[in-house]
Amino acid sequence: MRSVDGWLDRFCYKHPRLGIPNLMLIIVVGNVLVYFMDMFSSGMFSALLYFSPASILHGQVWRIITFIFVPASSGNLFFFVLSLYFYWWIGSILEREWGSTKFTVYYLMGVVLNILYGFIMYLLPFGGSGYVSMDYVNLSLFFAFATLYPDMQVLLFFILPIKIKWLAWFDAAVFLFSVVSNLLALRITLALLPIIAILNYLLFFSSTLLSALGRSRDRVRHQTSRQTINFKKATREAQQHKGYLHKCAVCGKTDTDYPDETFRYCSQCDGYYCYCSEHIHNHVHIK
């Protein structure tokens, strides 16, 4: 898994003509056109476009592509426009960051995974109708954006400033709850859909995710190690009983008397011996 995203990067670099410039703008315009067509047809127009394996196998092959343009929700015009603007915004930024080819491959990989999942579920005796939508593909776009720009702020409901990473963590929690609740209810097909639908995100960011897991594991291991626990205990006792936290073992400077001084502990001395900046590299190691 560690080299999957590297292979995808090399593939996109070697095939620059696969990109579709302004892909998200095309998707947004298509959604708007379908939305207005639904207004004049009482939703019948979307019924001719959404993904349906049964209809596709009976000749309506256009549904393999047209379900991309079916609006996720058309009940409220304000939220419809807001969601389209949001996904156009993050899609445009991702395209500028990655280039048209990588963004196109990322987006279309999510679409293809949804199509394959829909057909597999339809062909299985317990899979149901095989209906899929673009909800999780759009969610994978948001996860990609949050991974690249975690500290970017947006105005939630145009009022509350909040960082993208916190919205992503909330969506991830809802995503995980959906998977677990469906598994507990033995709704296997519904539990697998979210995982398959954002597999493009997991593939493109495999190295990033593995590195983050490794750093978290190392951080927990360091914080729970005996050396760290003993060090924290020793420094806490020193501050309580002696009135200072750090004291140079050579010259006797303390962080109370010299608050601007930098103190370090020597890893080669036996025990916890602290030294000021003048003596950290100029002292006899205590054994």
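This is a predicted model: local features need pLDDT of at least 70, side-chain atom pairs count only at pLDDT 80 or more; totals for chains, interfaces and linings use all residues.
Local features need pLDDT of at least 70 and side-chain atom pairs count only at pLDDT 80 or more, while totals for chains, interfaces and linings use all residues. Residues are numbered from 1 along each chain as its sequence is written, and side-chain values use heavy atoms, with hydrogens and water left out.

Helices are DSSP runs of H or I with at least four residues, numbered from the N terminus. Helix α7 covers residues 100–123, and its end C-alpha atoms are 34 Å apart. This agrees with the 34 Å that its 24 residues should span at 1.5 Å a residue, the expected span being 1.5 Å times one less than the number of residues. Of those 24 residues, 17 are buried, so α7 is largely enclosed by the rest of the structure. Buried means under 20% relative accessible area, exposed over 50% and partly exposed in between (1.4 Å probe, protein chains only).

The structure holds twelve aromatic pairs. Rings of Phe, Tyr and Trp (its six-membered ring) pair if their centres lie within 6.5 Å; planes under 30 degrees apart count as stacked, over 60 as edge-to-face and the rest as tilted. Two of the pairs are tabulated.

| Pair | Type | Centre to centre | Angle between planes |
|---|---|---|---|
| Phe86 and Tyr87 | edge-to-face | 5.6 Å | 70 degrees |
| Phe142 and Phe143 | tilted | 6.5 Å | 35 degrees |

Phe86 is partly exposed, at 24% relative accessible area, and Tyr87 is partly exposed at 22%. Phe142 and Phe143 are buried.

Lys253 lies over the face of Tyr258, 5.1 Å from the ring centre; a charge sits over a ring if NZ of Lys or CZ of Arg is within 6 Å of the ring centre and within 35 degrees of the ring normal.

Key. Helices (H or I, at least four residues) and strands (E, at least two) are DSSP runs, numbered from the N terminus.
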